[in-house]
Amino acid sequence: MSLFNVYPLFDITPVSAKGLFVFDNNGNNYLDLYGGHAVISIGHSHPEYTNAISEQVRKLGFYSNSIKNPLQEDLATKIKELSGCENYQLFLCNSGAEANENALKLASFHTGKSKVLAFENGFHGRTSAAVAATDNAKIIAPINAQQKVDFVKLGDLTAVETVLKKNETCAIIIECIQGVGGLDESTTAFYKGLERLSKEYNTILIADEVQSGFGRTGDFFAFQKHKINPDIISMAKGMGNGFPVGGILIDEKIKASFGLLGTTFGGNHLACAASLAVLKVIENDNLIENANSISNYFKEKAQSLPKLKKVKGRGLMLGLEFDFPIAPLREALIYKHHIFTGSSKNPNVLRILPPLTIQEKHIDQFFEALHEEL
Ligand SMILES: Cc1ncc(COP(=O)(O)O)c(C=O)c1O
């Protein structure tokens with residue numbers, strides 16, 4: 001049986017990984033500045049993480065959400081402690097798209113409205129409402145297009161208000177820093193304006209932190225830099241360091257009732273053990289501080305790069321915007337220098353999304369390779 005051919009593949013077969021490095025079946029090691037698409041937060045095969053999952057699977061790998069699972073409570077407590085987000089409730093699922101799908105459903109249940117306001121160049125996943133709110137016509141099937149979405153330019157508060165005034169919008173969904181779109185971010189005035197307008201027009205503000213959450217930007221959540229309180233916060237990627245886990249933090253004003261949301265696998269014992277281990281390492285190894293200091297080091301070093309237009313992003317959610325398409329450079333970095341990086345919708349932006357455990361010596365290795373290629 002052949003595989004459904006939806007992924008253009010690099011000709012590399014990893015067989016193991018440790019810390020910042022991925023090892024292939026020919027004995028080559030690759031510096032991972034891509035983190036498996038912003039997923040690897042505490043480094044590959046961290047002992048705290050592998051032990052936690054191994055121990056948990058020996059005890060109890062899975063049982064359904066019809067029984068008590070204190071690990072879910074522990075996870076809620078720890079997320080609150082590390083993020084400082086007070087007065088939220090936690091619902092667990094399995095992926096980023098699912099997190100956003102549940103967030104949009106809740107917004108619609110809560111407000112009784114059905115339209116969504118999303119932003120140009122945003123990406124929210126591939127499930128029904130989430131993909132409809134994603135600004136990419138190629139991945140929206142007719143069945144998804146039934147969901148009505150207004151797309152507005154990032155930063156255009158006047159356009160947001162024009163849409164909200166119609167009183168049909170249940171949710172505004174936004175990535176505070178756009179990931180797939182190419183690392184654009186608006187101003188604090190804009191995000192604060194969104195918070196104000198969402199209250200004024202009875203709309204739920206959803207912060208999509210699937211990529212930017214769990215310390216990646218140098219804050220626990222990217223929106224925290226702008227001092228706003230979204231009604232729902234969606235999370236996934238870095239939350240499990242590779243174990244599939246997602247979730248939403250839901251403002252206390254949104255009330256739960258039995259059966260309103262549900263999932264078979266969401267919040268299972270293994271997923272909780274994985275995510276608790278991630279949070280323990282983020283805390284004990286001061287990884288948010290590390291994200292900030294390595295980010296500064298990276299930005300300083302980038303100043304000396306030729307052909308660079310701009311360094312984008314913050315923390316360890318970074319982009320290098322050049323004055324040329326980066327695809328051949330990215331290939332050279334992979335095949336010649338054995339360094340994984342990412343691309344984006346903007347063809348000139350090379351994306352850097354390493355594990356938060358990265359050190360200066362890894363950044364030096366990357367810039368040596370870049371100087372050679374440029
Ligand atoms: C901001 C954002 N939201 C949602 C998603 C979808 O997450 P998943 O692929 O886990 O469904 C992604 C994935 O890249 C993302 O970057």
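How many bridges join strand 2 to strand 3, and do these strands run parallel or antiparallel? In this predicted model, three bridges link strand 2 (residues 21-24) and strand 3 (residues 29-32). The two strands run antiparallel. Val22 has Tyr30 of strand 3 as its bridge partner. Phe21 stands opposite Leu31 in strand 3. Strand 2 and strand 3 form a hairpin, with four residues between them. Gly27 lies in this turn and has a positive phi of about 85 degrees.

Strand 2 also pairs with strand 1. Four bridges join these strands, again in antiparallel fashion. Lys18 has Phe21 of strand 2 as its bridge partner. Strand 1 and strand 2 likewise form a hairpin, here with two residues between them. Gly19 in the turn has a positive phi of about 60 degrees.

These strands belong to an open sheet of four strands in the order 1-2-3-13. The pairing in the sheet is mixed. Strand 1 (14-18) and strand 13 (339-340) stand at the edges. Each has a single partner strand, so one side of each is left without a neighbour in the sheet.

Around the ligand are 14 residues. Ser95, Gly96, Ala97, Gly125 and Val210 come nearest. Helix 4 (residues 96-111) gives the most to this shell, with three residues. By residue class, the shell divides into five nonpolar, seven polar and two charged residues.

Key
Residues numbered from 1 in each chain as written. Predicted model: local features only at pLDDT ≥ 70, side-chain atom pairs only at ≥ 80, totals over all residues. Pairing = 2+ DSSP bridges. Near = placed C-beta within 6 Å. Nonpolar A, V, L, I, M, F, W, Y, C, P; charged D, E, K, R; others polar.
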